[in-house]
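Trainee: Could you show me how to read the inside of a protein model, going feature by feature?

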Amino acid sequence: MTSRRPVALEFDHVTFGYGRTPVLREACLRVAQGRFVAVVGANGSGKTTLLKLGLGLLRPAAGTVRLFGQPVQTFRDWPSVGYVPQRAAAASALPISVEEVVRSGLAGRLGLLGRPSAEDRDRVEHVTDLLGVATLRRSPITRLSGGQQQRVLLARALVTRPRLLVLDEPTTGVDAGARSVLRESLEHLVAVEGVAVTYISHDPEGFSGLADQVLEVCAGRVIPARDDHEHPHLGPAEPSAPARTPADGTQQLTEGQG
Amino acid sequence: MDPLSLEFMRKALVAATVVCAVAPLVGTFVVQRQQSLTGDGLGHVAFAGVGLAFLVGASPLFGALAMTLLAAAALHRMQRGGLAGDLSLALVFYGGIALGYLFASRSGGGVNAVLGFLFGSPLDLQWAEVAAVVALSLLVLAVVVVLYRPLVAVAFDEAAARVAGVPADGLVLTLTLIVALVVVGGMSALGLLLISAMMVVPVAAAAQVATSYRGTMVLASGIGAGSAVTGLLLAYHADATPGASIVLVAIACYLAAATVRATVSRRADSARWSRTVSQ
């Protein structure tokens with residue numbers, strides 16, 4: 001069975017290693033538009049490598065990564081991809097205001113010489129309002145709480161109206177209240193705006209009840225997450241991925257279609 | 001005597017003020033990327049360029065410019081090739097000082113003249129040299145103004161900027177090249193060992209009290225220019241070395257800003273504590 005929704009992110013038998021150390025082997029996954037796919041795994045399992053490959057920050061040794069159907073190496077529509085890094089990215093050496101951080105998300109779309117339009121400025125206001133950090137616009141990001149910093153990084157990712165949102169450990173060091181705001185924001189983005197979400201975390205609490213599918217990076221493979229013994233917060237297992245076990249023994253294709 | 005009535009002071013003031021106002025603009029990106037020693041490393045390479053220029057009888061400015069731009073490109077390549085930032089800087093740093101000393105010792109009577117560039121001699125500048133310093137500084141200013149937004153994006157979070165489609169590699173190379181231009185522009189006014197201080201110290205001072213990136217940049221530039229004027233005038237009246245005086249004034253600004261910040265923060269803490277107790 002194949003999803004009719006367009007596929008935002010696709011790994012097609014991707015293999016990658018650092019030097020001679022293999023990290024991912026024949027990894028396959030699909031994240032369809034309007035779907036929420038969580039990826040879990042132990043520290044060092046290759047989650048972050050998966051994320052970097054998906055964002056074109058690393059090149060696979062074999063296989064293909066596609067964004068909206070296009071190989072990531074030739075993909076140019078980067079404003080349609082939003083990336084929310086770990087909160088440590090907000091540890092700025094110099095004061096940088098919330099507004100400046102959010103505006104920096106426009107830099108790719110504007111190009112080297114472009115200037116933000118009135119519409120861009122409105123969008124900055126809108127996303128800061130949406131994420132409840134509008135009153136902090138002039139505050140340096142380093143003076144905010146962990147949850148507020150995370151929301152600012154999310155606002156930066158949303159400022160270009162992305163169709164795919166990739167989050168890396170977004171709840172690390174974030175209090176319960178901020179987690180709740182983050183969950184509500186993600187729920188709205190997926191359900192109302194049809195954004196595809198790839199959520200990478202070792203903490204299932206952040207996506208429990210939101211994810212259409214939970215995958216696990218284990219021994220270099222991307223597989224449907226194991227049962228509640230491994231992830232007690234996941235709740236009932238998601239519907240099984242459309243199974244396709246290739247005859248050559250490579251990994252099954254796993255599709256985030258809920 | 002009014003120092004401004006002396007032509008050598010006017011030349012020194014123009015060159016030092018312009019380069020010290022521009023150096024912190026570049027410094028904000030370097031400090032944010034935690035590469036504060038890049039200017040220092042390239043300063044040592046410029047020393048090799050000056051030594052080579054003396055050896056072959058060329059202009060020290062062109063020798064330093066050619067060598068630092070080459071080294072900036074090599075440094076960028078080494079860092080992108082996976083060599084750790086501090087290791088690549090150390091290689092450039094030590095290579096530059098060794099080559100500089102080798103060239104200087106081979107240039108016969110030029111050793112002292114080459115060594116003079118390490119600490120600068122703004123009072124000996126000719127108007128043509130002042131014009132070259134101003135031209136280099138204006139070029140750097142133009143690059144910073146035009147590329148301000150993408151440079152901020154790369155300096156704050158390079159990975160996110162790449163994902164957003166910002167050409168990060170080209171911008172990081174551009175940044176290293178404009179650091180090289182500042183080093184060469186400042187070598188006669190402040191010296192190769194001290195110009196990198198003006199890329200870092202005013203930024204550190206401004207960061208104590210500013211609340212935004214743009215604010216830090218503007219304030220740091222003002223502190224740089226103010227330090228140049230004050231330092232030169234102090235040096236004139238106290239018969240001290242100009243480059244060292246300028247840098248020491250900038251460090252005094254940092255100490256003052258850090259004291260202001262600590263005081264404000266202590267008062268805010270005690271007000272918060274009082275409010276908590278009264279509730």
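This is a predicted model: local features need pLDDT of at least 70, side-chain atom pairs count only at pLDDT 80 or more; totals for chains, interfaces and linings use all residues.

Trainee: Which residues touch the most other members of the largest nonpolar core?

Mentor: A nonpolar core is a set of buried Ala, Val, Leu, Ile, Met, Phe, Trp, Tyr and Cys residues joined through side-chain atoms within 4.5 Å. The largest one holds 125 residues, and those touching the most other members include A:Phe36, A:Leu165, B:Phe29 and B:Met198. Helix α1 (residues 7-32) of chain B gives the most to this core, with 14 residues. Domain bounds come from an automatic or database domain assignment, and because domain 1 (1-68 + 164-177 + 194-258) and domain 2 (95-162) of chain A both give residues to this core, it lies between them. A second, separate core of 34 residues includes A:Phe75 and A:Tyr83.

Trainee: What is B:Phe29 in contact with, leaving aside its neighbours within four places in sequence?

Mentor: Contact means heavy atoms within 4.5 Å, and with those neighbours within four places left aside, the partners of B:Phe29 include B:Val144, B:Tyr148, B:Leu175 and B:Met217.

Trainee: How many cavities of 30 Å³ or more does a search of the whole structure find?

Mentor: On a 1 Å grid over the protein atoms alone, a cavity is a set of points where a 1.4 Å probe fits but cannot get out, whereas a pocket is an open set with protein on both sides within 12 Å along at least five of seven lines, and lining residues have an atom within 4 Å of a point. Grid points are joined across faces, edges and corners, and a volume is the space filled by probe spheres set on the points. The search finds four cavities of 30 Å³ or more, and about 140 Å³ of space lies in the largest cavity. Of the 16 residues lining the largest cavity, those closest to its centre include A:Arg156 and B:Ala160.

Trainee: What volume does the second largest pocket have?

Mentor: Its volume is about 380 Å³, and among the residues closest to its centre, out of 17 in the lining, are A:Trp78 and B:Arg162.

Trainee: Is B:Ala53 buried or exposed?

Mentor: B:Ala53, placed in helix α2 (residues 38-56) of chain B, counts as buried because its relative accessibility is 2%. The C-alpha atoms of B:Ala53 and B:Ala64, eleven residues apart along the chain, are separated by 7.8 Å.

Trainee: Where does A:Arg137 lie?

Mentor: A:Arg137 lies in the loop between α4 (118-130) and α5 of chain A, and at 18% relative accessibility A:Arg137 counts as buried. Not counting residues up to four places away in sequence, A:Arg137 touches residues including A:Glu99, A:Glu125 and A:Asp129.

Definitions and conventions: Residues are numbered from 1 along each chain as its sequence is written. Chains are lettered from A and ligands numbered from 1 in the order in which they are written. Side-chain values use heavy atoms; hydrogens and water are left out. Buried means under 20% relative accessible area, exposed over 50%, partly exposed in between (1.4 Å probe, protein chains only). Helices (H or I, at least four residues) and strands (E, at least two) are DSSP runs, numbered from the N terminus.
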